[in-house]
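Dear colleague,

I am handing over the structure we spoke about, which you will find just below. Please have it open while you read the notes that come after it.

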Amino acid sequence: MAGARLGVDVGGTFTDLVALVDGELVTGKVPSTPEDQSRGVMAVVQRADVAAADVVAFAHGMTVATNALLERRGARTALVTTEGFRDVLEIARQNRPSLYDLTADRPPALIPRELRFCVRERMGPEGELEALEEGGVEEVVTALRAAEVEAVAVCLLFAFAHPEHEQAVGAALRDALPDVHVSLSSDVLPEFREYERFSTTTANAYLAPRLGAYLRSLAEQVQRASMPAPMVMQSSGGVVDMSVAAQLPAACVLSGPAGGVIGAAFAAAASGYEDVLSFDMGGTSTDVAPIRGGDAQTTTESVVAGVPLKLPMVDVHTVSAGGGSIAWADPGGALRVGPRSAGADPGPAAYDRGGEEPTVTDANLHLGYLEDGAQLGGEVRLRADRATPALERVGASLHLDASETALGIVAVADAEMVRALRVISVERGLDPRDFALVAFGGAGAMHACALAEELGIATVLVPKAGGVLSALGLAISDLRRDAVAPYRAELAGVDADKLGEAFAELEERAGEGLERPDFQRRADLRYRRQSFELIVDADDVDALGERFHAAHERRYGFRVDEEAIELVNLRLVTTVEVEKPPLREAAPAGGARAPSRRRANFDGAWTEVDVHARAAMGVGSQVRGPAIVELSQATCVVRPGWEGAVDEVGTLVLGSNP
Amino acid sequence: MSQERLDPVTLSVLASALVGIAEEAGAVLIRGAYSSNIKERRDCSAALFDAGGRMVSQAEHIPVHLGAMPEAVAAVIARDPEPGDVFALNDPYTGGTHLPDLTLVAPMVYEDEVVGYAVTRAHHSDVGGMRPGSMPADSREIYQEGLVIPPTRLVRGGEPAHEAIELILANVRTPEVRRGDLRAQLAANRRAEERLTELMERRGADTVQTAMAEVIDYAERRTREALREMPDGTYEAGSEMEGDGVRDEDVPLCVKVTIADDELEVDFAGTSDQVPGNVNCPLSVTRSACYFALRVLLPADVPANAGTYAPLRIAAPEGSLVNARRPAAVVAGNVETSQRIADTVLLALAEALELPAQGQGTMNNLVIGGADWTYYETIGGGQGASAAGPGASGVHVGMSNTLNTPIEALELEYPLRVERYELAYGSGGAGEHRGGDGIERAVRVLEPAYLSLLSDRRRHAPQGARGGGAGRTGRNALGEDELAPKVGRELTPGELVTVRTPGGGGYGPPCC
């Protein structure tokens with residue numbers, strides 16, 4: 001008995017659990033408890049059919065940090081910065097959010113002006129320009145005490161390379177204010193470019209008290225239930241010890257979406273697909289991400305709730321379009337979808353809860369992709385007789401009937417999704433035709449075949465656990481730590497031994513307390529005088545140059561072999577791999593039910609199609625489009641020209657046959 | 001050409017795809033560029049044009065770039081571009097704006113037919129001329145401002161025209177950086193053509209070309225509809241440029257705006273003749289500024305393309321400040337006078353429409369250059385307040401929206417030290433809603449260098465609206481000495497240049 005691996009993911013609506021017990025997937029779902037997410041977590045654990053004593057690992061993804069940032073409900077936080085630069089956080093990059101809306105402003109800085117304090121000191125590129133004024137630090141301590149702050153971010157110029165002043169200020173603050181959280185920019189993100197470093201560090205301090213309190217409370221409850229302490233999913237797609245997460249909350253902001261991408265990568269790899277695009281379409285938003293060689297890709301360019309966070313995060317691109325996006329005819333005579341969403345309340349017109357405007361869901365219902373009268377989550381019943389009049393109303397001004405309008409809504413929504421998928425493929429230098437599409441979320445599998453056709457993708461994967469893929473991702477996630485250190489040098493003049501020593505030093509620190517850690521060395525490189533870097537693998541110093549040239553060509557369309565290359569940062573990804581249990585799928589249930597039939601519209605023509613219940617299918621069950629497969633929390637539309645079967649891990653693998 | 005109308009769905013889908021192509025080209029340009037001006041500050045733009053030279057879609061980066069692009073494409077079309085050609089130009093009198101803005105125009109070809117043009121425009125931080133940075137405060141004719149490039153093939157039939165490229169690079173102070181930036185521009189143009197080709201393969205060339213025409217029609221319909229809802233009438237306003245870089249005297253600007261049904265006319269009669277200094281505008285820049293003012297009046301979801309501007313007529317007297325003749329100097333027209341034109345058109349319309357107070361109305365162009373380096377920055381300031389709320393502090397307003405150069409990037413690259421970068425507290429105008437605050441940026445030079453400073457609103461403050469107070473004027477200083485709004489001079493090591501930018505106007509009477 002290998003023991004159970006538990007993953008619990010807190011989403012906006014539901015808290016999901018996946019337990020992997022001897023290759024079997026146990027799942028659970030309870031409503032989320034936003035005021036204290038840990039209640040939902042414990043509820044889903046207690047309800048699940050897993051004995052606490054069998055649990056060997058417990059990984060957790062949550063939205064505590066994300067929500068605190070979105071709702072600006074973090075700790076009362078102060079900034080201590082270099083004299084003369086008090087407003088770097090507020091000025092940001094000085095660009096306005098909208099070119100032509102003269103009334104728009106950026107979201108307010110996390111730390112207001114009156115909580116931004118300055119100390120006299122200055123580091124420059126070569127080191128100290130002006131000594132740290134000791135008396136100034138004492139004054140700041142007094143002011144911070146009077147301001148009753150819960151957290152402080154210390155952000156000094158050039159601390160990424162010369163952290164001595166920051167460390168001195170940090171030590172003084174920790175000494176004088178032991179109950180206050182202190183984040184140093186040289187610890188959180190030792191990289192140049194002050195605004196992004198300050199912003200990331202500030203977010204870290206702002207979130208630390210809230211996330212720390214949440215995790216401590218959860219840990220107590222978990223301990224009482226006699227289970228191992230939870231590991232926390234980070235935005236980078238690996239889990240860390242709770243204590244590490246509490247110190248680096250800025251690295252946990254995309255905890256939820258990261259789990260989904262890791263889950264998609266795992267499910268796809270189990271079916272033999274390592275290069276995939278994940279496509280998670282829900283009610284109000286859609287997440288897409290590239291996965292290469294079985295690995296979720298990361299980026300350091302995320303902006304969450306208007307706050308740049310330069311820490312490695314799974315490269316998820318989110319668009320605010322989903323099943324609830326509202327369709328409308330604009331005054332110029334074009335059919336538009338979104339950006340407004342009907343949300344869950346009143347929801348699509350078909351919910352019959354007062355929604356009058358047609359949504360993508362209404363279109364899917366009218367076209368027969370969703371079943372008229374189907375129950376959603378036990379409460380809402382879909383009513384086509386509500387959806388159709390709403391479609392007719394919008395179609396009237398465009399001279400379209402209800403079906404044309406519905407087809408149009410789906411086509412316009414699909415175009416938005418295609419654009420999102422192009423951002424994470426072609427704009428990253430990846431050809432979507434080399435990838436399979438993994439569809440999940442309530443609406444993902446409904447649109448996947450059409451998107452695949454548009455992008456030239458030949459294979460669509462619909463995992464059985466599509467409704468709880470984030471939780472699955474947590475259950476099988478590796479432990480991961482990310483580190484970065486500045487290292488500025490011309491590549492041609494780099495001494496391989498010295499570089500090796502620098503990496504070895506990073507590895508020594510990162511591997512502390514870990515069993516058999518695996519290290520991936522990476523480096524940020526650029527052409528001389530360029531001001532943007534690309535990250536390439538750095539396991540082999542001699543290959544760095546060629547890898548950079550190739551990466552540059554893939555991403556930007558050209559390379560300059562005669563140009564000198566600069567090294568800017570060293571990065572280290574430390575992982576401890578967990579054993580990934582195999583997934584299994586049973587044979588089809590005996591006495592297989594014949595599929596039911598219903599009318600559905602494909603490309604303008606109504607046809608009678610097979611409707612398969614996924615629950616009645618098993619290994620080898622086949623489906624040929626046009627057809628519909630109804631999963632427990634999602635619906636898959638198999639377009640004409642597509643066919644496939646359930647494989648041995650339970651994923652429906654669809655291929656287009658031109 | 002007779003075209004069948006597209007259904008509303010195909011139109012919506014293709015409009016999205018065409019914008020996506022321009023945005024991707026813009027992303028390639030920013031990412032691939034070398035100079036901090038393009039890469040860190042994103043002083044560049046990208047757009048798609050149809051085969052007839054009408055703008056179809058754009059990546060929205062810098063307002064002043066985009067409105068002035070049609071002239072560039074027209075100038076290239078007049079030179080019979082062939083498949084595989086890429087033209088460069090910067091001549092303000094043949095499709096350009098000011099010399100540092102280098103525009104690349106490439107015909108996009110599908111099955112041997114030119115189906116449109118890919119256009120990128122980027123501000124190169126040196127194109128030769130009398131001062132490092134090619135933004136002299138004291139130029140008197142265009143030839144002093146840098147190398148003038150009429151439409152010239154950089155690529156001919158797919159092959160680089162090395163001689164033309166070398167000619168350009170031989171005339172600039174930082175040739176290797178220019179070469180890198182040009183490469184990125186070429187890659188961006190190429191990317192746009194690749195993506196358009198793919199789109200035509202998927203959707204059919206005819207359908208895509210029809211869509212190009214229809215998104216233009218669509219924008220025009222939306223614009224005319226918005227104009228029809230505005231009160232007909234003629235509205236006037238006057239303003240001034242604070243010196244032309246040669247004489248420190250105000251240069252008057254007069255604007256008469258007429259709304260008649262679904263048309264808008266802007267007449268500049270009464271505006272100063274062109275001046276000896278460099279605040280003159282070629283007509284393309286004046287047009288950009290009027291486009292901006294119009295675009296501000298429209299609903300946010302109206303796309304910006306040739307159709308958007310079809311209902312706009314501009315009457316600008318030839319030989320005036322706003323329609324200068326060769327060889328007038330023009331470098332500040334693009335960055336400063338354009339701001340004032342947009343401001344003044346909106347000021348005239350404020351009589352009839354609900355509009356925000358004035359923003360800082362200047363870009364505060366700061367150029368410091370030495371033997372083999374050039375630092376160029378424009379500095380944000382206060383935005384005007386509006387009925388919706390206070391004005392933003394420390395942002396670019398009007399015709400620019402470039403990012404700042406990070407202090408740490410700047411000091412790693414140039415012999416400069418930034419001593420202060422903060423908001424000028426309280427510089428926004430008083431009001432029910434306060435205007436946004438300006439910025440104070442102080443830079444010490446560590447090596448001998450030359451300073452060029454092009455700014456405005458140092459004497460005449462940005463105005464408030466509906467009883468709101470004016471924003472505080474800006475101030476330029478060298479050490480303790482106040483400098484003129486437009487100034488150039490030698491700097492010795494250790495000297496400190498301080499620029500304080502204007503605050504925005506307030507909105508509504510201040511309470512109590």
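What follows is a description of the contact between the chains, then of some sheets, single residues and backbone details.

Please keep in mind throughout that this is a predicted model. The model scores ipTM 0.92 and pTM 0.92, and chain B averages a pLDDT of 94, with 99% of the residues scoring at least 70.

I begin with the contact between the chains. Chain A contributes 51 residues to the contact and chain B contributes 62 residues. On the side of chain A that touches chain B, the elements giving two or more residues are helix 3 (88-91), helix 7 (194-224), strand 22 (335-341), helix 12 (402-423) and helix 16 (544-556) of chain A. Helix 12 of chain A supplies the largest share of that side, with 7 residues. Sorted by class, the side of chain A that touches chain B holds 22 nonpolar, 11 polar and 18 charged residues.

From helix 12 of chain A the contact is made by A:Gly408, A:Ala411, A:Val412, A:Ala415, A:Glu416, A:Arg419 and A:Arg422, while helix 1 of chain B brings B:Pro8, B:Val9, B:Ser12, B:Val13, B:Ser16, B:Ala17 and B:Gly20. The residues of this contact between helix 12 of chain A and helix 1 of chain B divide into 7 nonpolar, 4 polar and 3 charged.

Turning to sheets, chain B has an open sheet formed by 5 strands in the order 14-15-20-17-18, with antiparallel pairing. Strand 14 (416-424) and strand 18 (481-483) of chain B stand at the edges with a single partner strand each, so one side of each is left without a neighbour in the sheet. From one strand to the next, the twist of this sheet averages 20°. Within the sheet, strand 15 (residues 438-445) and strand 20 (residues 496-500) of chain B pair in the antiparallel sense over 5 bridges, and B:Ala442 has B:Thr498 in strand 20 of chain B as its bridge partner.

In chain A, strand 5 (residues 77-82) is mostly covered, with 6 of its 6 residues buried. Strand 5 of chain A runs parallel to strand 9 (residues 151-155) of chain A, to which 5 bridges join it, and A:Ala78 stands opposite A:Val152 in strand 9 of chain A. Strand 5 of chain A also runs parallel to strand 6 (residues 116-119) of chain A, here with 4 bridges, and the bridge partner of A:Thr81 in strand 6 of chain A is A:Cys118.

A:Val137 is placed in helix 4 (residues 134-147) of chain A and counts as buried, with 21 C-beta neighbours inside 10 Å. Not counting residues up to four places away in sequence, A:Val137 touches A:Val119, A:Val169 and A:Ala172.

A:Phe14, found in strand 2 (residues 14-21) of chain A, is likewise buried, with 20 other C-beta atoms within 10 Å. Leaving aside its neighbours within four places in sequence, A:Phe14 is in contact with A:Lys29, A:Val30, A:Pro31 and A:Ser32.

A cis peptide bond, with omega about 5°, joins A:Gly338 and A:Pro339, and A:Pro339 lies in strand 22 of chain A. The peptide bond from B:Arg326 to B:Pro327 is cis, with omega near 5°, and B:Pro327 is placed in the loop between strand 11 (312-315) and helix 9 (331-349) of chain B. A:Ser226, which is not a glycine, has a positive phi near 60°; A:Ser226 sits in the loop between helix 7 and strand 11 (231-233) of chain A and counts as exposed, with 10 C-beta neighbours inside 10 Å. A:Arg516 has a positive phi of about 45° although it is not a glycine; A:Arg516 belongs to the loop between helix 15 (496-510) and strand 28 (518-527) of chain A and counts as exposed, with 7 C-beta neighbours inside 10 Å.

With best regards

Conventions: Residues numbered from 1 in each chain as written. Chains lettered and ligands numbered in written order. Predicted model: local features only at pLDDT ≥ 70, side-chain atom pairs only at ≥ 80, totals over all residues. Contact = placed C-beta atoms within 7 Å. Nonpolar A, V, L, I, M, F, W, Y, C, P; charged D, E, K, R; others polar. Pairing = 2+ DSSP bridges. Axes fitted to C-alpha atoms, helices over the stretch in contact; angles between N-to-C directions. Buried ≥ 20, exposed ≤ 12 C-beta atoms within 10 Å, placed from the backbone. pLDDT = per-residue confidence, 0-100.
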